Amino acid sequence: MILVCGATGTIGGEVLRHLTEAKVPATALVREPPSAKSHLPEGVPFRVGDLSRKETLPQALQGITKLFLVSAVSDHQIEQEENLIAAAASSGVTHIVK
């Protein structure tokens, strides 16, 4: 299963759309499910996690083997991405695309 981080944005959204059309098992990582649903392709599953809150990431990564990582530019971007990468490594993710 592929987890797409940034799935409600331009790049991540296109990646998720292409995966969905190709029938590749994928899910979106979202911070706020109510607002994210309107930005995701219909029927796409999602996992809840916040890159700023490390404790939310292990559960979101359960069963995930591959990760597509794109995140918003911010003063905390590097720290947030490091949080997700560390959690992915601990969760058994074997492939990360940034």
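User: Which elements have the lowest and the highest mean pLDDT?

Analyst: α2 has the lowest, at 81, and strand β4 (residues 66–69) has the highest, at 97. pLDDT is the predictor's own confidence in each residue, from 0 to 100. The element names come from DSSP runs: helices are H or I runs of at least four residues and strands are E runs of at least two, numbered from the N terminus.

User: How do you know what the chain as a whole scores, and what does the model let us count?

Analyst: The mean pLDDT of the protein chain is 93, and 100% of its residues reach 70 or more. This is a predicted model, where local features need pLDDT of at least 70 and side-chain atom pairs count only at 80 or more, while totals for chains, interfaces and linings use all residues. Residues are numbered from 1 along each chain as its sequence is written, and side-chain values use heavy atoms, leaving out hydrogens and water.

User: What makes something a pocket here, and what volume does the largest pocket have?

Analyst: On a 1 Å grid over the protein atoms alone, a pocket is an open set of points where a 1.4 Å probe fits, with protein on both sides within 12 Å along at least five of seven lines. The largest pocket has a volume of about 470 Å³, and 19 residues line it, of which Gly6, Thr8, Leu29, Arg31 and Ala72 are closest to its centre. Lining residues have an atom within 4 Å of a point. At least two lining residues come from each of β2 (26–30) and α2 (33–36).

User: How does that lining divide by residue type?

Analyst: It holds seven nonpolar, nine polar and three charged residues. Ala, Val, Leu, Ile, Met, Phe, Trp, Tyr, Cys and Pro count as nonpolar, Asp, Glu, Lys and Arg as charged, and the others, Gly among them, as polar.

User: What makes a nonpolar core, and which residues have the most contacts inside the largest one?

Analyst: A nonpolar core is a set of buried Ala, Val, Leu, Ile, Met, Phe, Trp, Tyr and Cys residues joined through side-chain atoms within 4.5 Å. Buried means under 20% relative accessible area, exposed means over 50%, and partly exposed is in between (1.4 Å probe, protein chains only). The largest nonpolar core has 14 residues, and Cys5, Leu29, Leu61, Leu67 and Leu84 have the most contacts inside it. β1 (2–5), α3 (57–60), β4 and α4 (77–91) each give two or more residues to this core, and α4 gives the most, with three. Another core lies apart from it, with twelve residues that include Leu16, Ala26, Val30 and Ala36.

User: What makes isoleucine 96 partly exposed?

Analyst: The value is 37%, so it lands in the middle class. Isoleucine 96 lies in strand β5 (residues 95–97) and, again not counting residues up to four places away, touches Leu67, Ile85 and Ala88.

User: Why is lysine 23 called exposed, and what is its phi?

Analyst: Lysine 23 has 73% relative accessibility, above the exposed cut-off, so it counts as exposed. Its place is in the loop between α1 (10–21) and β2. Phi of lysine 23 is near 60 degrees, a positive value in a residue other than glycine. Most residues other than glycine have a negative phi.

Note on methods
Grid points are joined across faces, edges and corners, and a volume is the space filled by probe spheres set on the points. Contact means heavy atoms within 4.5 Å.
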